[in-house]
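Please keep the sequence and the three-dimensional view at hand while reading.

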Amino acid sequence: MKINKKSSVLWHFLLIVVILIEVWPLLFMVSTSFKTMDQIFTATLNPFPAPFVLDNYLHVLETLPLLNYISNTFIIASVITLAKICTSLLAAFAFVYYDFRHKEKIFNALLFTFFIPITVVIMPNYLLIAKLGLLNNPLGVILPQLMDGMGIFLMRQTMRGIPKPLIEAAKLENASAWLILHRIMLPLIKPAIFAMGIIFFIDSWNQYFWPLLILNDKANYTLPIALQMFISAEGGSEWGIAMTVATLTSLPPLFLYLLFQRFIMNSFIQSGVKG
């Protein structure tokens with residue numbers, strides 16, 4: 001019993017250390033955003049600002065049309081997320097429900113796209129968007145991202161975990177493919193859909209390079225581009241303002257995660273049980 005207790009204490013200690021290592025950069029970011037420049041250099045590692053100031057936030061909010069940039073980013077990220085979820089669900093359902101020629105070859109070709117670096121497809125995508133006249137248009141950012149191979153793979157694996165007798169029973173009742181997807185599969189894989197949606201949204205929210213290539217007008221900037229330009233304009237030495245910008249950028253994805261945390265945890269738990 002003593003050995004087990006010592007081992008448990010050791011593992012808990014290691015877990016606390018890992019948690020502190022993970023949380024410290026976030027704590028440092030938030031605390032620095034509430035510090036004056038003097039505090040940043042004299043009390044760099046102190047996570048508790050003294051005094052507690054809001055000057056950095058007031059400066060950013062007064063200088064930047066933040067709501068406009070948040071709106072641009074939210075619309076683009078939401079459309080991309082919904083499109084990826086829909087295409088992933090429909091494609092995965094086709095791979096699971098239907099039997100057609102070369103199904104496995106097509107799926108393996110889809111898996112092969114995971115190994116293609118994003119830099120390889122940037123130029124063809126840019127030339128296509130330019131030909132379509134969608135430069136400096138949010139649609140130009142959205143169009144090349146309407147589907148995701150990883151999403152199709154994850155949804156296919158999740159759907160394959162649904163008991164086959166349920167599907168066979170629905171077929172015997174002459175249920176249509178759409179009815180099977182809507183009434184049987186979707187309720188069972190809802191946590192996985194939410195988890196995948198959060199991943200898609202955060203990835204789209206944080207995108208910088210591709211929107212930077214497409215969007216030239218400041219009014220159409222997404223939040224990462226606008227904030228990076230703002231930091232560059234400030235000279236890059238205003239650490240309090242930089243940390244304020246980083247904090248504001250992190251808030252929407254963090255809020256979204258907290259809102260759907262239950263579904264994400266359920267998805268991981270179900271995946272573990274199936275494995």
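Gln39 counts as buried, at 9% relative accessibility, where buried means under 20% relative accessible area, exposed over 50% and partly exposed in between, with a 1.4 Å probe and protein chains only. The model is a predicted one, in which local features need pLDDT of at least 70 and side-chain atom pairs count only at pLDDT 80 or more, while totals for chains, interfaces and linings use all residues. Residues are numbered from 1 along each chain as its sequence is written, and side-chain values use heavy atoms, with hydrogens and water left out.

Gln39 is found in helix H2; helices here are DSSP runs of H or I with at least four residues, as strands are runs of E with at least two, numbered from the N terminus. Leaving aside neighbours within four places in sequence, Gln39 is in contact (heavy atoms within 4.5 Å) with Thr44, Pro49, Ala50 and Pro51. A polar atom of the Gln39 side chain lies 2.9 Å from the backbone oxygen of Pro51, and the C-alpha atoms of Gln39 and Pro51, 12 residues apart in sequence, are 8.7 Å apart in space.

Phe34 has its place in the loop between helix H1 (2–33) and helix H2 (37–42), and counts as buried at 15% relative accessibility. With neighbours within four places in sequence set aside, the contacts of Phe34 include Pro49, Pro51, Phe52 and Tyr57.

## Aromatic rings

A search of the whole structure finds 11 aromatic pairs, a pair being rings of Phe, Tyr and Trp (its six-membered ring) whose centres lie within 6.5 Å, with planes under 30 degrees apart counted as stacked, over 60 as edge-to-face and the rest as tilted. Phe74 and Phe201 form an edge-to-face pair, at 5.9 Å centre to centre and 65° between the planes. This pair links distant parts of the chain, since Phe74 belongs to helix H4 (residues 66–97) and Phe201 to helix H11 (residues 190–205), 127 residues apart. Phe74 is partly exposed at 46% relative accessibility, whereas Phe201 is buried, with a relative accessible area of 7%.

Elsewhere, Phe95, Phe100, Phe107 and Phe153 are linked into a cluster by ring pairs.

## Charges over rings

The charged end of Arg156 sits over the ring of Phe107, 3.9 Å from its centre, the criterion being NZ of Lys or CZ of Arg within 6 Å of the ring centre and within 35 degrees of the ring normal. Arg156 is found in helix H8 and counts as buried at 9% relative accessibility. Not counting residues up to four places away in sequence, Arg156 touches Ala92, Phe95, Val96, Glu104 and Phe107. Lys171, in turn, lies over the face of Tyr97, at 4.7 Å from the ring centre.

## The two faces of helix H10

Helix H10 (residues 177–188) has 12 residues and reaches 16 Å from its first C-alpha to its last, close to the 16 Å expected at 1.5 Å a residue, the expected span being 1.5 Å times one less than the number of residues. In H10, Ala177, Ile180, Leu181, Ile184 and Met185 are buried. They cover an arc of only 125° around the axis, which puts them on the same side of H10; the arc is that of the directions from the helix axis to the C-beta atoms.

The face of H10 turned away from its buried side carries the exposed residues Trp178 and Arg183. H4, helix H8 (149–160) and helix H9 (164–172) are among the elements that cover the buried residues of H10.

Note on methods
Polar contact = N/O pair within 3.5 Å; in protein donor to acceptor, adjacent residues only side chain to side chain.
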